[in-house]
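Biologist: Can you put the model up? I'd like to go through it with you.
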Amino acid sequence: MHDVTAAQRIASTVLHAAHERQARRVEQISIALGAMTMIDPDQLTFWLEQVLRGTVAEGAEIEIEQLPLIVRCTRCDSESEVAVPDDPIYHLMPFAPACPACGCEEIEIVGGDACVVRSMRITEASDDE
Amino acid sequence: MTDANAPDQGRDIIIDVDLSKRTSELADRNLDLLDAHGVTAIDVLGSVGSGKTTLIKGLVRHLKDRYSIAVIAGDITTRIDADRIEEEGVPVLQIQTGGACHLDGEIVRRALERLDLDSIDLLIIENVGNLICPAAFPIGTHTRLLLLSVTEGPYMAVKHPVMVRQADVAVINKADLADAMEVDVAKLSDDVRSVHPGIKVVTTAARFDEGIDDLIEALGLSGDCCCAGGCCDA
């Protein structure tokens, strides 16, 4: 997934929820980011800050928890955590996960491929609004 | 005013929205719409210059007597691809994504609204030339057709494992140029199968109409019936 697209979708999810709650300000946004999304947390934070400018969530503290990649091997049936290399050139050399137990690439990704907007902290609408 | 309507104050609000799930929900909705109209859809994925448009022209030529076909062509700009495919005599809708390097479920949904789905039974969608980003954006098709060409070099399959894993059928195109490019087509096919065991791999030289029949068979579109709906079945 793309960092900019992810940032736009997070922003629209947060702003929609903020509008529903009549929030005056969004203080904090909490995001879970799977390692296999290949999104760099710093880039995501940068783009989120840009797309949230001029909104009730401008300047919100952005908290990103990175979740590990978990694979289940379809050959040996083991479930394990796989380290995703922290490599800035991943666009040129994409990472192919393999089962750490038997080495085969016949795996299912069972965790770490999602980007979840978990929660936000808001302040109330003022009486004059 | 009830408590439920009272504004929250300095409070944590649970949202729990999985963006990847929303992406696939949009795709699933497109698939449901296509199914409701009896339309089979194919997403054609490949790098810039891999031969997607030429391959689609070949598919259309071979299939247009058996199917009522429409094509959606996705590009950042221009309608060069749409004009080329229209030469085959089928309706083509050009999507210009502006800057986006992939189609997504939302863009395709808007395109589907502009097509008369009741008048077609096969929809071919040419994705934007790119093998990285479209992997994260399913658009809601029955088949994802991956196109690799020998002119892209020998490492395309191993370099794009995420996309290769998602494809149902892979095509090794421009096989006529394999010797000049010093690319071993058999090795490239093996690479595709090692990244995605069980995937169907077909070799083509789309410019010369070679291998198109094999591809049609791999796509499950072959058969004696003269219509896609199977109404001619005994």
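Biologist: What am I looking at, and how do I read the labels?
Modeller: This is a predicted model, where local features need pLDDT of at least 70, side-chain atom pairs count only at pLDDT 80 or more, and totals for chains, interfaces and linings use all residues. Residues are numbered from 1 along each chain as its sequence is written, with chains lettered from A and ligands numbered from 1 in the order in which they are written.

Biologist: How many residues does each chain put into the contact?
Modeller: Chain B gives 23 residues and chain A gives 29. Contact is defined as C-beta atoms, placed from the backbone, within 7 Å.

Biologist: Which element of chain B gives the most to that side?
Modeller: That is β1(B), with eight residues. The elements giving two or more are β1 (11–18), α1 (19–36) and α6 (161–166) of chain B. Helices (H or I, at least four residues) and strands (E, at least two) are DSSP runs, numbered from the N terminus.

Biologist: And the classes of residue on the chain B side?
Modeller: There are 13 nonpolar, four polar and six charged residues. Nonpolar here is Ala, Val, Leu, Ile, Met, Phe, Trp, Tyr, Cys and Pro; charged is Asp, Glu, Lys and Arg; the others, Gly among them, are polar.

Biologist: What does β1(B) pair with?
Modeller: Strand β6 (residues 115–123) of chain A, in the antiparallel sense over six bridges. Pairing needs at least two DSSP bridges between the strands. A:Arg121 stands opposite B:Asp12 there.

Biologist: Switching topic. Where is the largest nonpolar core?
Modeller: It has 67 residues, and those with the most contacts inside it include B:Ile69, B:Leu123 and B:Ile124. A core joins buried Ala, Val, Leu, Ile, Met, Phe, Trp, Tyr and Cys residues through C-beta atoms within 7 Å. A second, separate core of 34 residues includes A:Ile31 and A:Val116.

Biologist: How is chain A divided?
Modeller: Into domain 1 (1–67 + 112–129) and domain 2 (69–111). Those bounds come from an automatic or database domain assignment.

How values were computed: A residue is buried if 20 or more other C-beta atoms lie within 10 Å of its own, exposed if 12 or fewer, and partly exposed in between; C-beta atoms are placed from the backbone. Two residues are in contact if their C-beta atoms, placed from the backbone, lie within 7 Å.
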